[in-house]
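Here is a short briefing to read with the model open beside you.

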Amino acid sequence: MQQEQTFVMVKPDGVRRGLIGSIVARFEQKGFALAAIELLQIDRELAEQHYGELRQKPFFGELVDYLTSGPVCAMVWQGEHAVENARALIGKTNPVEAAPGTIRGDYAMDIAGNIVHGSDSAASAAREIGLFFGKHAAAQRMDPYAGEFGH
Ligand code: DAT
Ligand code: MG
């Protein structure tokens, strides 16, 4: 069995709407194994690096604003054909086209707020896992609940 890892992230509106548990449940029920999970507030530099290939797009600024608007839940999920299986579970980029039964099809209405990210290839997964779980990211990490709960 060929094991693969993929990077999945619940974006800030998914976290705000309390959808982390529902999204995690879908990955577990599908058969993925959770390899890493962390709630973190990312800075603009990390958001820009993550979506670097979209830098020239007219919506890039809004995309970075969106991704840095609150904590995200970064995850690594593992299993057979993890990249393709995760993309199938997540559904098409535009929630209007995402089939009911997929995460975007069931929980999102608009492309600018499509609540979840999944790597598009094994190479992207390796790059994104390094960005979010590598040493550099760990050094930059902020406590999303700083000041609350007696922190
Ligand atoms: P995906 O997230 O399905 O891999 P992508 O990599 O092409 O899609 O784009 C990354 C994100 O950018 C996407 O999840 C939402 C946003 N986006 C893409 N196309 C957009 C558009 N035309 N208008 C606004 N946001 C867009
Ligand atoms: Mg993409």
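UniProt positions are given in the numbering used here, with shortened feature names, and the annotations may be inferred rather than shown by experiment. With that in mind, the UniProt annotation "active site", from an unreviewed entry, covers His 117. This is a predicted model, in which local features need pLDDT of at least 70 and side-chain atom pairs count only at pLDDT 80 or more, while totals for chains, interfaces and linings use all residues. Residues are numbered from 1 along each chain as its sequence is written, and chains are lettered from A and ligands numbered from 1 in the order in which they are written.

**Overall layout**

- The protein has eight helices and four strands; these are DSSP runs numbered from the N terminus, with helices being H or I of at least four residues and strands being E of at least two.
- Along the sequence, the pattern reads β-α-α-β-α-α-β-α-α-β-α-α.
- Of the 151 residues in the protein, 34% are buried. Here a residue is buried if 20 or more other C-beta atoms lie within 10 Å of its own, exposed if 12 or fewer, and partly exposed in between, with C-beta atoms placed from the backbone.
- Among contacts between residues at least 6 apart in sequence, 71% join residues at least 24 apart. A contact means that two C-beta atoms, placed from the backbone, lie within 7 Å.

**The annotated active-site residue**

- His 117 lies in strand β4.
- His 117 counts as buried because 21 other C-beta atoms lie within 10 Å.
- Leaving aside neighbours within four places in sequence, His 117 is in contact with Val 8, Met 9 and Lys 11.

**Annotated binding-site residues**

- For "binding site", the unreviewed UniProt entry lists Lys 11, Phe 59, Arg 87, Thr 93, Arg 104 and Asn 114.
- Arg 87 is found in helix α5, residues 82–90. Arg 87 has 19 C-beta neighbours inside 10 Å, so it counts as partly exposed.
- Not counting residues up to four places away in sequence, Arg 87 touches Gly 118 and Asp 120.
- Asn 114 sits in the loop between α6 (103–107) and β4 (116–118). Asn 114 is buried, because 23 other C-beta atoms lie within 10 Å.
- With residues up to four places away in sequence not counted, Asn 114 touches Thr 93, Pro 95, Arg 104 and Ala 108.

**Around ligand 1**

- The residues around ligand 1 are Leu 54, Phe 59, Leu 63, Thr 93, Ile 111, Ala 112, Asn 114, His 117 and Asp 120. A residue is near a molecule or strand if its C-beta atom, placed from the backbone, lies within 6 Å of it.
- By class, this shell has five nonpolar, three polar and one charged residues. Ala, Val, Leu, Ile, Met, Phe, Trp, Tyr, Cys and Pro count as nonpolar, Asp, Glu, Lys and Arg as charged, and the others, Gly among them, as polar.

**Strands and core**

- Eight bridges join β1 to β3, and these strands run antiparallel; two strands pair if DSSP finds at least two bridges between them. Thr 6 stands opposite Trp 77 in β3.
- Strand β2 (residues 33–40) is joined to β3 by seven bridges, again antiparallel. Ala 36 has Val 76 in β3 as its bridge partner.
- β3 is mostly covered, with seven of its nine residues buried.
- The largest nonpolar core has 33 residues, and those with the most contacts inside it are Met 9, Val 10, Val 72, Trp 77 and Val 116. Such a core is a set of buried Ala, Val, Leu, Ile, Met, Phe, Trp, Tyr and Cys residues joined through C-beta atoms within 7 Å.
- The largest share of this core, six residues, comes from β3.
- In soluble globular proteins, nonpolar side chains tend to be buried together.

**Two backbone angles to look at**

- Most residues other than glycine have a negative phi.
- His 81 has a positive phi of about 45° although it is not a glycine, and it lies in the loop between β3 and α5.
- Ile 115 has a positive phi of about 55° and is not a glycine either; Ile 115 lies in the loop between α6 and β4.
- With 24 other C-beta atoms within 10 Å, Ile 115 is buried, whereas His 81, with 15, is partly exposed.
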